[in-house]
Amino acid sequence: MKFTLQHTDPQSKARAGLLKTDHGDIETPIFMPVGTAGSVKAVHQRELTYDIKAQIILGNTYHLYLRPGLGVLEKAGGLHKFNGWEKPILTDSGGYQVFSLAGTRKITEEGVVFKSHIDGSKHIFSPEGVMDIQRSIGADIIMAFDECTPYPCEFEYARKSMDMTHRWLKRCIERFDSTEGKYGYSQTLFPIVQGSVYKDLRKQSAEFIASCDREGNAIGGLSVGEPAEMMYEMTEMVTDILPGDKPRYLMGVGTPANILECIALGVDMFDCVMPTRNARNGMLFTSEGIINIKNEKWKEDFSSIDPAINSYVSSFYSKAYLRHLTISKEILGAQIASIHNLAFYLWLVGQAREKIKSGEFSSWKDQMVKKVSTRL
């Protein structure tokens with residue numbers, strides 16, 4: 001993997017770059033649609049490519065390990081072959097899923113023992129095992145195994161958790177560097193900065209992660225309930241420490257406004273379930289603001305969803321028709337809304353990239369944050 005920094009914004013820390021992988025190039029800043037179980041919910045691969053214009057998607061280690069299982073994925077030739085997606089894939093480590101299984105897991109130095117949410121069977125994720133699982137899935141970018149601390153959490157818990165995440169990272173690196181990919185293309189490992197919302201812990205973690213000198217770095221443990229201002233403060237602190245010649249990935253973030261603010265702080269990569277999850281509940285993100293398509297006001301609005309977004313569904317279908325589908329609980333409504341929201345997110349980061357290149361990012365960002373946060 002190779003990252004080239006192409007442009008920087010004179011008024012902020014925003015950057016535009018190019019990430020080269022064996023499955024294709026990724027122009028940053030970028031948003032990565034979440035394909036938890038090898039599928040971005042309600043969206044075909046063709047739509048991801050041509051309508052949404054996604055350049056990379058996510059797969060989930062925990063879910064793919066349980067179902068369909070590594071045997072099926074290996075026989076298929078990896079996740080790319082299994083789901084027909086030919087561009088890059090990033091897999092998370094399963095750390096966040098295990099964190100959300102609070103009642104059915106036990107964390108030890110060795111790893112995490114947990115029960116499957118499917119059938120209650122017992123499993124263990126260790127740093128070494130998670131590297132092997134992600135090798136088998138075949139992701140281009142593999143995440144280190146970490147513990148994601150909840151918010152709020154005590155300083156002492158956050159410190160112990162961070163120290164263990166760092167020890168686990170050393171084991172991840174050792175295993176990753178002593179093994180090879182299974183499908184004939186290169187993979188890379190991103191470590192994850194932790195430390196909850198404590199400045200000294202975040203600083204310590206960012207310095208440790210930077211010293212590991214991997215090809216890219218991630219920021220975890222944010223967007224878990226803390227106030228947005230706190231998230232921005234931690235993010236800025238960390239991006240100031242992480243090396244500027246490597247991509248920075250802020251995990252699980254967020255709203256369109258969150259993404260724009262964090263691009264301004266020097267983040268390159270984002271993912272979040274929000275565009276598809278909110279779409280299924282009738283919330284649309286548009287270039288003019290947020291729409292609850294179930295509201296009566298859209299009942300006879302025959303204008304297109306958002307003509308500014310270069311996506312078939314955004315300009316073809318009307319708000320009135322999408323409202324009718326959503327109210328009627330028609331599957332097509334969830335599909336249209338999901339495709340539109342993802343296309344909007346990719347449009348937004350694409351616009352950010354263009355504005356960084358032209359030197360207009362900061363003033364444009366301030367206007368857009370207001371717009372995309374407005375409820376219409």
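**Entry 1: ground rules.** I worked from a predicted model, in which local features need pLDDT of at least 70, side-chain atom pairs count only at pLDDT 80 or more, and totals for chains, interfaces and linings use all residues. Residues are numbered from 1 along each chain as its sequence is written, and side-chain values use heavy atoms, with hydrogens and water left out.

**Entry 2: annotated site.** I took the "binding site" positions from the unreviewed UniProt entry, which lists D92, S93, G94, G95, Y96, D146, Q194 and G221. UniProt positions are in the numbering used here, feature names are shortened, and annotations may be inferred rather than shown by experiment.

**Entry 3: S93.** I found S93 in the loop between β6 (89-92) and α5 (95-100); helices (H or I, at least four residues) and strands (E, at least two) are DSSP runs, numbered from the N terminus. S93 counts as buried because its relative accessibility is 3%, buried being under 20% relative accessible area with a 1.4 Å probe and protein chains only. Leaving aside neighbours within four places in sequence, S93 is in contact (heavy atoms within 4.5 Å) with residues including T61, F125, A144 and D146. A polar atom of the S93 side chain lies 3.2 Å from the backbone oxygen of A144.

**Entry 4: Q194.** I placed Q194 in the loop between β12 (192-193) and α8 (199-211). At 2% relative accessibility, Q194 also counts as buried. Beyond four places in sequence, Q194 touches D146, T165, R202 and G221, among others. The side chains of Q194 and D146 are joined by a polar contact of 2.7 Å (N or O atoms within 3.5 Å; within protein, one able to donate a hydrogen and the other to accept it, residues adjacent in sequence counting only if both atoms are side-chain atoms).

**Entry 5: largest pocket.** I noted about 780 Å³ of space in the largest pocket. A pocket is an open set of points on a 1 Å grid over the protein atoms alone, where a 1.4 Å probe fits, with protein on both sides within 12 Å along at least five of seven lines; lining residues have an atom within 4 Å of a point. Volume is the space filled by probe spheres set on the points, which are joined across faces, edges and corners. The lining has 34 residues, with Y96, Q97, G252, D271 and V273 nearest the centre. α11 (274-280) supplies the largest share, 5 residues.

**Entry 6: second largest pocket.** I noted about 250 Å³ here. Of its 16 lining residues, I52, K53, L346, W347 and G350 are closest to the centre. α14 gives the most, with 7 residues.

Notes:
Buried < 20%, exposed > 50% of the residue type's maximum accessible area, 1.4 Å probe, protein only.
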